[in-house]
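Here is a short note to read alongside the structure. Take the points in order, and keep the model open as you go.

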Amino acid sequence: MEQEFQRAQELIASYEEELRKQLPEGAEVFDAHVHLGNDIDGYRGVYEELERINDATGTSRCFMFCMDEPDRHPAFRAPNDRTLEYAKRSEGRLIPFVRLDLTESPIEEAERCLDLGARGSKLHPRAQRFLLNDERLAPVFAVAAERRVPILIHGGRGLPPIADHLARLFAQYPDVQLIIAHAGIADLAGLAGRFGGKAGVFFDTSVWSPVDLLDFF
């Protein structure tokens, strides 16, 4: 097992070396999708490990938010407070987003955290079990438009088609900057058709499979 682990480390190091060769000189590495905390499914995001990874990869800054935490009730308040503390600790390297639950005071929690320094909102329709035609989304978008902060929304696997509902919502609030996570692979053709090249809409590329990214590009 030790030999296999060492071989895996060597392979990863070779991939990193090749990636560095491909980066244009002076390019800034910005990570638009980072979780810190403890998820109910067992995944963990540890601050010190993220620091080490960012240093090793030359990542300048990150959008950062909590996971689907065991103490997420009520309103993700405790995990959001930890997110804000991580951001302070990083001295600007980690840019905090407030995670919202539509069933638990989302507007109040969004405004509370934005007042405390959050720079955007994170929505996860699969984990928090809502659809993109949910009427409770409109006031969340209205707050983001008023405060001029982005909304990052889960667009990975485990969702029904979301492009049509999301496009109608965005049409109501065109001043909102929208970030569709995981390259929009939940509804890639629909999202690309609706939002490809549209001002104010971005796709982050946080996906596990390079095949998904090849499809996306």
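**Notes on helix 4 and its neighbours**

1. Let's begin with a pair of helices. Helix 4 and helix 5 cross in a right-handed sense. Please keep in mind that you are looking at a predicted model.

2. How do we describe such a pair? Two packed helices are characterised by the angle between their axes and by how far apart those axes lie. For helix 4 and helix 5 (residues 137–147), the axes come within 9 Å and cross at roughly 20 degrees. Angles under 35 degrees count as roughly parallel, so helix 4 is roughly parallel to helix 5.

3. Which residues make this contact? From helix 4 come Pro106, Ile107, Glu111, Leu114 and Asp115, while helix 5 supplies Pro139, Val140, Val143 and Arg147. Sorted by type, the residues where helix 4 meets helix 5 are six nonpolar, no polar and three charged.

4. Now turn to helix 3 (residues 77–90), which packs against helix 4 at an angle of about 20 degrees, with the axes 11 Å apart. That angle makes helix 3 roughly parallel to helix 4. The crossing of helix 3 and helix 4 is right-handed.

5. On the helix 3 side, the contact uses Arg77, Asn80, Asp81 and Leu84; on the helix 4 side, Glu109, Arg112 and Cys113 take part. The residues joining helix 3 and helix 4 divide into two nonpolar, one polar and four charged.

6. Glutamate 109 deserves a visit of its own. You will find glutamate 109 in helix 4, which spans residues 106–115. Is glutamate 109 buried or exposed? Its relative accessible area is 3%, so glutamate 109 is buried, as the cut-off for that label is under 20%.

7. What does glutamate 109 touch, leaving aside its neighbours within four places in sequence? Its contacts are Ala75, Phe76, Arg77, Asn80, Val98 and Leu100.

8. Finally, step back to the whole protein, which has eight helices and nine strands. Its radius of gyration is 18 Å, close to the 17 Å that the globule rule gives for 217 residues, so the protein is as compact as a globular protein of that length. Along the principal axes, its C-alpha atoms fill a box of roughly 55 × 40 × 35 Å.

9. Of the 217 residues in the protein, 44% are buried. Among contacts with a separation of 6 or more, 69% are between residues 24 or more positions apart.

Notes. Residues numbered from 1 in each chain as written. Predicted model: local features only at pLDDT ≥ 70, side-chain atom pairs only at ≥ 80, totals over all residues. Heavy atoms only, no water. Helix = DSSP H or I, 4+ residues; strand = E, 2+ residues; numbered from the N terminus. Buried < 20%, exposed > 50% of the residue type's maximum accessible area, 1.4 Å probe, protein only. Contact = heavy atoms within 4.5 Å. Axes fitted to C-alpha atoms, helices over the stretch in contact; angles between N-to-C directions. Parallel < 35°, antiparallel > 145°, perpendicular 65-115°, else oblique. Left-handed = near helix turned anticlockwise from the far one by under 90°. Nonpolar A, V, L, I, M, F, W, Y, C, P; charged D, E, K, R; others polar. Rg over C-alpha atoms; globule rule 2.2 N^0.38 Å.
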